Amino acid sequence: MIQQATLCTALVLTATLALAAEPIKIGVAGAHSGDLASYGLPTLKAVQLIVKDINARGGINGSPVELLAEDDACKPEIATNTATKLVSSGAKAVIGHICSGATKAALPIYRDAGILLISPSATTPDLTQSGDYPNFYRTIASDDTQARTVVDFALNVLNVKKIAVIHDKGDYGKGLAEYAKTFIEQSGQAEVALFEGVTPGAVDYSAVVQKIKRSKAEAVLFGGYHPEASKIVGQMRQKRLTIPFVSDDGVKDDTFIKVAGKDAEGVYATGPADVSQNPITRTYREKFKQAEGTEPGAFFDNAVAATLALTNAIATAGSTDPEAMASVLRTQKVATPFGDIQFDAKGEPIGIGFSIYQVQNGTYVQIQ
């Protein structure tokens, strides 16, 4: 009887250890190739660095973390396939996607599979405000907040009275532009001289540049990403149109400066506040530089915050159950590059906003 009991105990212990050692699969989805890889790769690297540390310490509650990286190229039609692949591969949670359009396309798939998603960069307000995606969280403020920051800067700092609002027709760019247009009109301080969409990937934007010139706008507000912004700014400067160009966090990226060259000088863009003095920021930026030999790119700090928040939720909940993780995210603060944060009932981060940057001598400098 004693031998049988001992054998049973050993079998139970072995089964328990095997269960504890089963890896926790976390997906990382975003643009890992193409024009917008400079947004997605810093997130992938941030997640990899943190998970490497976690696994070196024995994993989460004894279970190693396994990353499943999938490239969506920031394209909605690819993002649905990416999400389906992550679900079928057993991902218990996902960090990403990067672009709002891709995120919106993928979210229903994760929602229906009961998988929690936390993005470092998808800013479209509908993702939280529609109520359609209770499984969605982000570590960046939404576009209405960003548009308000841009408009307030244009009106109260640049003191312009006529503004051309240009966008790339996408979920992110157009959505931000529409908020900006509304805020300008509501202000009573300025008028929207032009509201125009451009086609992403086009070589020539001279037609819209001519429209901006004819509108007699005193500034351009652009909603979209750096490939289009660099071309529009370059063609504006070729036409000797030197009015201020103010954009969003889709343009606050070193790739924009590299591509636009001297035409990038003086451009304004929003972005998360400079958190370079935060100890967590310094730790992971240094790890990145040691591994890659360069500075991390856009949304790296937001990705660190997303990864720390998610892994803490799993560890504290003792489970990958989405409701258990959500409860932790909404009720308990976690230390991140942006300080101690938690999330409201809609999935918005409490305490994260936007700042204004300007390109000065080839570098983005926070000015407000």
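How many bridges join E3 to E4, and do they run parallel or antiparallel? Three bridges join these strands, and the two run parallel. The points below concern a predicted model and start from this pairing.

1. The parallel sheet. E3 and E4 belong to an open sheet of five strands in the order E2-E1-E3-E4-E5, with parallel pairing. Its edges are strand E2 (65-71) and strand E5 (136-138), each of which pairs on one side only. Neighbouring strands of this sheet are turned against each other by 25° on average, direction ignored.

2. Strand E1 (residues 24-30) pairs with strand E3 (residues 93-95) in the parallel sense over three bridges. Ile26 stands opposite Ala93 in E3, and Ala93 in turn stands opposite Leu116 in E4.

3. Side chains of E4. In a regular strand the side chains alternate between the two faces of the sheet. In strand E4 (residues 116-119), Leu116 and Ile118 point one way, while Leu117 and Ser119 point the other way. All four residues are buried.

4. Helix H2 (residues 37-56) lies across E1, E2 and E3, and runs at about 170° to E2. Glu70 has its place in strand E2. Glu70 counts as buried because its relative accessibility is 19%, and the cut-off for a buried residue is under 20%. Not counting residues up to four places away in sequence, Glu70 touches Val28, Ala29, Gly30, His32, Thr82, Lys85 and Leu86.

5. The peptide bond from Gly96 to His97 is cis, with omega near -15°. His97 is found in the loop between E3 and H4.

6. Thr123. This residue lies in the loop between E4 and helix H5 (126-129). Thr123 is buried, with a relative accessible area of 0%. Leaving aside neighbours within four places in sequence, Thr123 is in contact with Ser100, Arg138, Ile140, Ala141, Ser142, Asp143, Gln146, Tyr172, Asp249 and Phe354. Its C-alpha atom is separated by 36 Å from that of Ala21, which is 102 residues away along the chain.

7. The mixed sheet. A further open sheet has seven strands in the order E7-E6-E8-E9-E10-E13-E14, and its pairing is mixed. E7 and strand E14 (363-366) are the edge strands, each pairing on one side only. The twist averages 25° from one strand to the next. Strand E13 (residues 355-360) pairs with E14 in the antiparallel sense over four bridges, and Val359 stands opposite Tyr364 in E14.

8. Helix H9 (residues 226-238) lies across E6, E8 and E9, and runs at about 170° to E9.

9. Helix H7. The 17 residues of helix H7 (residues 171-187) should span 24 Å at 1.5 Å a residue, and the end C-alpha atoms are 24 Å apart, which agrees. The buried residues of H7 are Tyr172, Gly173, Gly175, Leu176, Ala177, Ala180, Phe183 and Ile184. These pack against helix H4 (100-113), helix H6 (143-156), strand E6 (162-167), strand E7 (191-197) and strand E8 (219-223). Gly188, which follows H7, has a positive phi near 75°.

10. The H12 and H13 contact. The axes of helix H12 (residues 300-317) and helix H13 (residues 322-331) come within 8 Å and cross at roughly 115°. The crossing is right-handed. Ala309, Leu310, Asn312, Ala313, Ile314, Thr316 and Ala317 in H12 meet Ala324, Met325, Val328 and Leu329 in H13. The residues of this contact divide into nine nonpolar, two polar and no charged.

11. Positive phi outside glycine. Lys216 has phi near 60°, a positive value in a residue other than glycine. Lys216 is found in the loop between helix H8 (206-215) and E8, and is exposed, with a relative accessible area of 62%. Asn361 also is not a glycine and has a positive phi of about 55°. Asn361 lies in the loop between E13 and E14, and is exposed with a relative accessible area of 75%.

Note on methods:
Residues numbered from 1 in each chain as written. Predicted model: local features only at pLDDT ≥ 70, side-chain atom pairs only at ≥ 80, totals over all residues. Heavy atoms only, no water. Pairing = 2+ DSSP bridges. Axes fitted to C-alpha atoms, helices over the stretch in contact; angles between N-to-C directions. Contact = heavy atoms within 4.5 Å. Expected span 1.5 Å × (residues − 1). Buried < 20%, exposed > 50% of the residue type's maximum accessible area, 1.4 Å probe, protein only. Left-handed = near helix turned anticlockwise from the far one by under 90°. Nonpolar A, V, L, I, M, F, W, Y, C, P; charged D, E, K, R; others polar.
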